[in-house]
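Welcome to this short briefing on a protein chain.

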Amino acid sequence: PCVYPLLPITLTYFLKQGGESRAKSVAMSTAYALGIIIIFTGVGFLFSIILGADGPRIFAANPWVNIAVALLFFWFAFSLFGLYEINLPSWLTGAVTGQQRSGIAGAFILGSLFSVVTFTCTIPFAANILTVAASSGAENKFAGLIGMIVYSVTMALPFFVLGIFPSLIKEVPKSGGWLHTVKVTAGFGELALALLYMAKADQVTDTGILTRPVMIAVWVAT
């Protein structure tokens, strides 16, 4: 939801930098999209390498890891509900946005910086992918990498397509109340995942609080 309003602003940047050259505008949108894809894919690759085959074992056997992940998802969920904003340090956002960049190389850098600056908005969704991938079977060693490739391509695709066909921006719905609905709905998804990892911790410790009937009732209620 916080990325969507950036589409027309970014498209204007492509058109201004490209001038009368359509080819340059397309090249800049491509470079911008590649910047997004490379950053997110790099995160997925590092995550896959760090956890590796031990990821599923860690999530299956350690209740404290599952509780920590559940608390993280609760934190994301309440942020999506609008109770507070997750912000990067001001010195970091100022450092990455304080310089003017132009040309194709500049578009690539801006795409990379886009991934950093929008981290606080995208991390609730990216974290879901990485966590689910880490707790999947050992045979899916690079599930995090593949997941982040798909995620980053999906994130970059609108910028790429609008860079090629700028007239399509007229067909894009304006941001408004429907975006808030999407954001809150995603928050309920985060709550469901948080409860899932709390239930995993419950199973490991054999406390019997979050049983299957309780989980179904809570999910239906949310």
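This is a predicted model: local features need pLDDT of at least 70, side-chain atom pairs count only at pLDDT 80 or more; totals for chains, interfaces and linings use all residues.

The chain has 10 helices and 0 strands, and its pattern along the sequence reads α-α-α-α-α-α-α-α-α-α. Helix 9, which covers residues 177-205, will come up several times below.

**The chain as a whole**

- The chain has 222 residues, and 38% of them are buried.
- Take the contacts in the chain with a separation of 6 or more: 78% of these are between residues 24 or more positions apart.

**Helix 4 and helix 9**

- Helix 4 spans residues 63-80, and its axis comes within 8 Å of the axis of helix 9.
- These two axes cross at roughly 165°. An angle over 145 degrees counts as roughly antiparallel, and helix 4 and helix 9 are therefore roughly antiparallel to each other.
- The crossing of helix 4 with helix 9 is left-handed.
- Which classes of residue make up the contact of helix 4 with helix 9? The contact holds 19 nonpolar, 4 polar and 3 charged residues.

**Helix 9 and helix 10**

- Helix 10 covers residues 212-221, and its axis is 11 Å from that of helix 9, at an angle of about 170°.
- Helix 9 and helix 10 are therefore also a roughly antiparallel pair.
- On the helix 9 side, Ala 192, Leu 195, Leu 196 and Ala 199 take part, and they meet Met 215, Val 218 and Trp 219 of helix 10.
- By class, this contact of helix 9 with helix 10 has 7 nonpolar residues, no polar ones and no charged ones.

- A polar atom in the side chain of Asp 202 lies 2.9 Å from the backbone nitrogen of Ile 209.
- Leaving out residues up to four places away in sequence, Asp 202 touches Thr 207, Gly 208, Ile 209 and Leu 210.
- Thr 185 also belongs to helix 9, and its side chain reaches the backbone oxygen of Thr 181 at 2.7 Å.
- Thr 185 and Phe 81 are 104 residues apart along the chain, with 8.6 Å between their C-alpha atoms.

**Two residues in loops**

- Thr 118 sits in the loop between helix 6 (103-117) and helix 7 (119-134).
- Why does Thr 118 count as buried? The relative accessibility of Thr 118 is 7%, and the cut-off for buried is under 20%.
- Thr 118 touches Val 3 and Leu 6, not counting residues up to four places away in sequence.
- From Thr 118 to Val 3 there are 115 residues in sequence, but in space the C-alpha to C-alpha distance is 7.1 Å.
- Phe 165 is found in the loop between helix 8 (143-164) and helix 9.
- With a relative accessibility of 45%, Phe 165 counts as partly exposed.
- The C-alpha atoms of Phe 165 and Val 26 are 8.8 Å apart, while the two residues are 139 residues apart in sequence.

Key: Residues are numbered from 1 along each chain as its sequence is written. Side-chain values use heavy atoms; hydrogens and water are left out. Helices (H or I, at least four residues) and strands (E, at least two) are DSSP runs, numbered from the N terminus. A polar contact is a pair of N or O atoms within 3.5 Å; within protein, one must be able to donate a hydrogen and the other to accept it, and residues adjacent in sequence count only if both atoms are side-chain atoms. Contact means heavy atoms within 4.5 Å. Axes are lines fitted to C-alpha atoms, for helices over the stretch in contact, and angles run from 0 to 180 degrees between N-to-C directions. Angles under 35 degrees count as roughly parallel, over 145 as roughly antiparallel, 65 to 115 as roughly perpendicular and the rest as oblique. A crossing is left-handed if the near helix is turned anticlockwise from the far one by less than a right angle, and right-handed if clockwise. Ala, Val, Leu, Ile, Met, Phe, Trp, Tyr, Cys and Pro count as nonpolar, Asp, Glu, Lys and Arg as charged, and the others, Gly among them, as polar. Buried means under 20% relative accessible area, exposed over 50%, partly exposed in between (1.4 Å probe, protein chains only).
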